Amino acid sequence: MTEASSRMPQYAVSFAAGMLLWVLLTGTLQGQELWAGVLVVGVTTALAGPRLEILAGVRLVPGAAVSLVTYLGYFFYALARANLDVARRVLTPSLPIRPAVVEVRTALTSRLGRLLLANSITLTPGTLSVDVRGDRILVHWIDASPGTDLESATGAIAAGFERHIRGFLR
Amino acid sequence: MMRWIGDLFLLVGAAFAFLGALGLIRMPDVFNRIQTGTKAVTLGALCFLAGIGFLHPQWWTKLVIIGGFLLVTSPVSSSALARAFLIAGVRPWRAPEDRDSTLEEG
């Protein structure tokens, strides 16, 4: 694979994200606005693209868009559950928490993938990413009763998200 | 109708923000406080944005941008805070039944 073609994904993703931001900011789909956007985003991508190595982890495969949508659905469901979970713990007089710091392992190799996984873990029930060291994510877990060894923690915390994220990130 | 849905979202958002604040008072240590604070306040803010979207439909595209920005930045700031506390030597609070066990202390 040549240097230029290996950078295609990051240019394509940068351009698509820029256009999405442009359309949302202008709030219109009129031809003139769109062409102005193509011009501005095109120049921005050409200038910034080579520096956006973090986007190189994106997998441009046919199912990627579907995976992104199912990931978002799963994420918002988990976020809602997380809040009901927090509400229950805060409002219960005995304060039912059993916190521990545990490690989980991730099979994601790209920086963007690990960032997204760590962010997802933070916003879901009872878990808070504290640090990322290589393929290990250090997690503060508010209810560690299912077990604190690597395998059970990975299964309970990271596995669900990872399955969705791997559809569109390495 | 839109007015009612918008107001309902604002009310739910305020309720989550209140629960987050209550969590800050009730939780025993800084890591648990960050936990309740992050989750409740993020969803609370998203509910506010959704409510504003129903009250002022012409703003929705910009509200989506604000919501996306919140979703990306708020967990990053929480993780950075938690990491700083851990490195500074703050030991996570343990439940009484776990204190004598051999579980890793972080």
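Reader: Before anything else, what does buried mean here?
Author: Buried means under 20% relative accessible area. Keep in mind that this is a predicted model.

Reader: Okay. Is B:T38 buried or exposed?
Author: B:T38 has a relative accessible area of 7%, so it is buried.

Reader: Where is B:T38 found?
Author: In helix α2 of chain B, which covers residues 30–55.

Reader: And which residues is B:T38 in contact with?
Author: Leave aside neighbours within four places in sequence. Then B:T38 is in contact with A:T122 and A:L123, and also with B:S74, B:P75 and B:S78.

Reader: Helices next. How do α5 of chain A and α3 of chain B cross?
Author: Their axes come within 9 Å and cross at roughly 80°. That makes α5(A) roughly perpendicular to α3(B).

Reader: Which residues make that contact?
Author: From α5(A), A:L115, A:N119 and A:T122. From α3(B), B:L71, B:V72, B:P75, B:V76, B:S78 and B:S79.

Reader: What about B:S77? Where is it found?
Author: B:S77 is in helix α3 of chain B. With 40% relative accessibility, B:S77 counts as partly exposed.

Reader: How far are the C-alpha atoms of B:S77 and B:P28 separated?
Author: By 21 Å, and the two residues are 49 apart along the chain.

Reader: New topic. How many salt bridges are there over all chains?
Author: The count comes to six.

Reader: Which residue forms a salt bridge with B:R83?
Author: A:D131, with the closest N and O atoms 2.9 Å apart. B:R83 lies in helix α3 of chain B and A:D131 in strand β2 of chain A, so this pair joins two chains.

Reader: Are those two buried or partly exposed?
Author: A:D131 is buried at 12% relative accessible area. B:R83 is partly exposed at 38%.

Reader: What else does A:D131 meet in a salt bridge?
Author: The side chain of A:R133, at 3.4 Å from N to O.

Reader: Which residues are linked in a network of salt bridges?
Author: A:D85, A:R88 and A:R89. Within it, the side chains of A:D85 and A:R88 meet at 3.5 Å, N to O. A:D85 and A:R88 both lie in helix α4 of chain A, three residues apart, about one turn of the helix.

Reader: How accessible are A:D85 and A:R88?
Author: A:D85 counts as buried, at 16% relative accessibility. A:R88 counts as partly exposed, at 45%.

Reader: Last one. Which residues form a nonpolar patch on the surface?
Author: A:F15, A:W35 and A:V38, with about 310 Å² of accessible area together. A:V38 is in helix α3 of chain A, and counts as partly exposed at 33% relative accessibility.

Note on methods:
Residues numbered from 1 in each chain as written. Chains lettered and ligands numbered in written order. Predicted model: local features only at pLDDT ≥ 70, side-chain atom pairs only at ≥ 80, totals over all residues. Heavy atoms only, no water. Helix = DSSP H or I, 4+ residues; strand = E, 2+ residues; numbered from the N terminus. Buried < 20%, exposed > 50% of the residue type's maximum accessible area, 1.4 Å probe, protein only. Contact = heavy atoms within 4.5 Å. Patch = residues over 30% accessible without salt bridge, like charges linked within 9 Å, V, L, I, M, F, W, Y side chains within 5 Å. Areas by Shrake-Rupley, 256 points an atom, 1.4 Å probe, with all protein chains shown as cover. Salt bridge = Lys/Arg side-chain N within 4 Å of Asp/Glu carboxyl O. Axes fitted to C-alpha atoms, helices over the stretch in contact; angles between N-to-C directions. Parallel < 35°, antiparallel > 145°, perpendicular 65-115°, else oblique.
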